[in-house]
Amino acid sequence: MTVSYYSIVLAVNLNNFAVVPASSFEPEAACSTSSANSDPNRASVPLVHRHGPCAPSAASGGKPSLAERLRRDRARANYIVTKAAGGRTAATAVSDAVGGGGTSIPTFLGDSVDSLEYVVTLGIGTPAVQQIVLIDTGSDLSWVQCKPCGAGECYAQKDPLFDPSSSSSYASVPCDSDACRKLAAGAYGHGCTSGAAALCEYGIEYGNRATTTGVYSTETLTLKPGVVVADFGFGCGDHQHGPYEKFDGLLGLGGAPESLVSQTSSQFGGPFSYCLPPTSGGAGFLALGAPNSSSSSTAAAGFLFTPMRRIPSVPTFYVVTLTGISVGGAPLAVPPSAFSSGMVIDSGTVITGLPATAYAALRSAFRSAMSEYRLLPPSNGAVLDTCYDFTGHTNVTVPTIALTFSGGATIDLATPAGVLVDGCLAFAGAGTDDTIGIIGNVNQRTFEVLYDSGKGTVGFRAGAC
């Protein structure tokens, strides 16, 4: 099965169901950026799907099959769940594959950088050089490929490699510095270069065995004309190995000190948000800072808020608590205890992983509501077990799905874009009820998702892109 890119359609709500043309599940070739609705006064940049028609050619690469997307997605989900639970397999040091006299690279077994799906274009250096980077709330340290890069030491990308020697604002971080000691104390330190003027090094190994190492540095980051971040700490990668696909680097949006969000908290206040478009042919946005509002009331800004939970030992992740799910307007009979472990809300995971009891109830209710359509048999090892064949149908009637969070915030997922992926229910069982779950990016489509660690809240604004 190949990846389908849904066309943007207007869903007609009829008693908690949405009737959509069957043609909305066909691939689309055109890019539409007219629906993004970000605040022009904020530090915001356009955000697109890296395999869709809106993606810059430098980031597109080949389109993976649905099976391959789900394989990568399962690896990422397993990594998040394991790391959130404090398992050693999530952060086990392995011997350095690129030299360094036995130094270890921090390893994130299970997390694959190739599972990430959304990119933004930023400027780095002075003068600013355009770089296309993946966004990831499950990572902290940002990096790009840099010159000089010896033969075979960097993967192919269509943009020119960033050249630090051509930037007047670039500075490498010395080994004997507080910044390097802080990096070493966290997850990304990789020792120092040799010689009298030793420089601080970073290192990351992803679960697909891709590695990036190089010099930890500071540079000027340009978000959009007139909006810059000075002295931004990032990895200037000069040794990359493994399966990478055309993009220029990664932008870390996690909650640890190395992330863009943490580094710019004094400049933009700490909150950030993004909106993931309903289809790969649309555009969303990434924004730093709190949304402007003419009123002090949070409701005036159109957001619904729920408390944010944090995991002290894993500051990267943002966690919320589900309290209920409705299908077609009918609440599911799921005890609150099934959701007690919380849900990591993540930009990089595609499929939402629910506790076993909750997923069983959701699947049963959804299948019942979709009984007029042919249910496809699951393939061996399939992540998704509720997929449909809509052949012969002019219109498809899809039940709405609503998620209720602690504090009472209830959001109606976009239908079908936030409910189905390639004709499959975009949910899966994440394990037992005492396993932390994940809210994937399909469910987040069209919402502006606002992370505010200072206030301890996550907000959702419907119809933002």
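Because the model is predicted, local features were taken at pLDDT of at least 70 and side-chain atom pairs at pLDDT 80 or more, while totals for chains, interfaces and linings use all residues. Residues are numbered from 1 along each chain as its sequence is written, and side-chain values use heavy atoms, with hydrogens and water left out.

The bond from T126 to P127 is cis, with omega near 0 degrees. P127 is placed in the loop that links strand 7 (118–124) to strand 8 (129–136); strands (E, at least two residues) and helices (H or I, at least four residues) are DSSP runs numbered from the N terminus. The bond from K147 to P148 is also cis, and its omega is near -5 degrees. P148 is found in the loop between strand 9 (143–145) and strand 10 (171–172).

Positive phi values occur at two aspartates. D231, although not a glycine, has a positive phi of about 55 degrees. D231 belongs to strand 14, which covers residues 227–241. With a relative accessible area of 58%, D231 is exposed; exposed means over 50% relative accessible area, buried under 20%, and partly exposed in between (1.4 Å probe, protein chains only). D422 is likewise not a glycine, and its phi is positive at about 50 degrees. The location of D422 is the loop between strand 30 (420–421) and strand 31 (424–425). D422 is buried, as its relative accessible area is 10%.
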